[in-house]
Amino acid sequence: VCQARCVPYKELWETWAVAIYVQEAFPDSKRIVDVASGHALLSWALLLLNDSRTAVAIDKTMPKSADKLEETMQNTWGESLSDRWDYVEAKLEAIQPSSDVLFCGVHACGILTDQVIDLAVRSSSPVVLLPCCHTTKSLSSEDALQFTQGQFDLDKFVDEKRIDRLRECGFKVAEMKIPEMFTPKNNLIIGTPPSQIPNNEGGDEREREKSKIIPIGKNINRMPGLMEVPVGDDEVSRALVQSLAGREASNNRKRPKPPSLDLSLLMKTQDQVTAEAVSRLGGEGVEAEYIGEIFAHPSGLHAQTFRVMYHDKTSKDSAKKSHKVLCEAIETTFPGCSIR
């Protein structure tokens, strides 16, 4: 980590301390989700502590330090470590939680900590958090009023309410302190979900069932069209996360989408014109895909709609000119085929 020369010593010490507590509390957790991960140092540390674990780091912005740290870890430990790690640049709201992961975070700022708790409650997942930047925004209106009317320490008050919420949802909660010399924000919240609490460790079955009916928390707002990141420890979810991970994938998502136009054809036979044929006829930078299923037209012909993307065009107007040429070429190349 020191060789990467991008992580302050303070963050190294506090992150390693949290990783040790996570390992002691949940040694058998096989899939780690490092939320609001920044450098993603916590996920790397937890991989080093268990060689059968995988991890995904998630933050809305992937800092350059994450690239430097990844390069250093790969050079030092090899692909046996780096192949078990992914970094997805995404908003926390994109996370699709799963009960077979462990959520964790070092200094998830302000209400981000509450949002991670929401995810853990929704999926009945273990959670370990070292909060920071405490704010009354984390409180319900009733709790905020109680705080303003009394003389409370904000950090302690907010964390107590967080712990109360977890316990109300059937979690077993432990509160630990990492050394204050590493950070003054050293209060560690460790939540064990109802499904992982042995029956003889307190809390009846009714209490442990509560988390199964808890709705999405007030701090998670799903947005239409938002990219989804399924973090579960299953083959399909891991493969999708890998496709979303890394700097290149992140940069590709930020690029503006190419202009596209739809093309509806009437054909003599079902396979007279394929998407591949349209792409080839359009030339370099043109990509066609099917829209919907082919269907029988009342005329006895077959109808199919395509979406044609013009990757080499920057505007809809310039794409329309190429689209007109493509339509004429299709009717010339495929006799009996017509544009609807």
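Q: In this predicted model, where buried means under 20% relative accessible area and exposed over 50%, is Thr72 buried or exposed?
A: The place of Thr72 is in helix H3, which covers residues 64–77. Its relative accessibility is 12%. The limit for buried is under 20%, so Thr72 counts as buried.

Q: Which residues does Thr72 touch, leaving out those up to four places away in sequence?
A: Thr72 belongs to helix H3. Set aside the residues up to four places away in sequence. The residues then touched by Thr72 are Gln3 and Ala4.

Q: How many helices and strands does the protein chain have?
A: Both kinds of element occur in the protein chain. The strands number 13. The helices number twelve.

Q: What radius of gyration does the protein chain have, against that of a compact globule of 340 residues?
A: A compact globule of 340 residues would come near 20 Å. The C-alpha trace spans about 80 × 50 × 40 Å along its principal axes. The radius of gyration of the protein chain is 26 Å.

Q: What share of the contacts with a separation of 6 or more joins residues 24 or more positions apart?
A: Of the 340 residues, 46% count as buried. Take the contacts in the protein chain with a separation of 6 or more. Residues 24 or more positions apart account for 70%.

Q: How far apart are the mean positions of the positive and negative charges?
A: The protein chain carries 41 positive charges. It carries 49 negative charges. Their mean positions are separated by 4 Å.

Q: With which side chain does the side chain of His134 make a polar contact?
A: His134 sits in the loop between strand E6 and helix H6. At 11% relative accessibility, this residue counts as buried. Beyond four places in sequence, His134 touches several residues, including Leu154, Val158 and Arg162. The polar contact, at 3.4 Å, is with the side chain of Asp155.

Q: Which side chain makes a polar contact with the side chain of Asn50?
A: Asn50 lies in the loop between helix H2 and strand E2. With a relative accessible area of 10%, Asn50 is buried. Its contacts beyond four places in sequence include Gln23, Pro27 and Arg84. The side-chain polar contact, at 2.7 Å, is with Ser52.

Q: How far apart in space are Gly38 and Asp159, C-alpha to C-alpha?
A: Gly38 is in the loop between strand E1 and H2. Leaving aside neighbours within four places in sequence, Gly38 is in contact with Asp59, Pro63, Ala66 and Tyr87. Gly38 and Asp159 are 121 residues apart in sequence. In space, the distance is 22 Å.

Q: Which elements do the buried residues of H11 pack against?
A: Helix H11 covers residues 275–282. Its buried residues are Ala275, Ala277, Val278 and Ser279. They pack against strands E10, E11 and E12 and helix H12.

Q: Which residue follows H11?
A: The helix runs over residues 275–282. The residue that follows has a positive phi, near 90°. That residue is Gly283.

Note on methods. Residues numbered from 1 in each chain as written. Heavy atoms only, no water. Helix = DSSP H or I, 4+ residues; strand = E, 2+ residues; numbered from the N terminus. Rg over C-alpha atoms; globule rule 2.2 N^0.38 Å. Buried < 20%, exposed > 50% of the residue type's maximum accessible area, 1.4 Å probe, protein only. Contact = heavy atoms within 4.5 Å. Lys, Arg positive; Asp, Glu negative; His and termini not counted. Charge placed at Lys NZ, Arg CZ, Asp CG, Glu CD. Polar contact = N/O pair within 3.5 Å; in protein donor to acceptor, adjacent residues only side chain to side chain.
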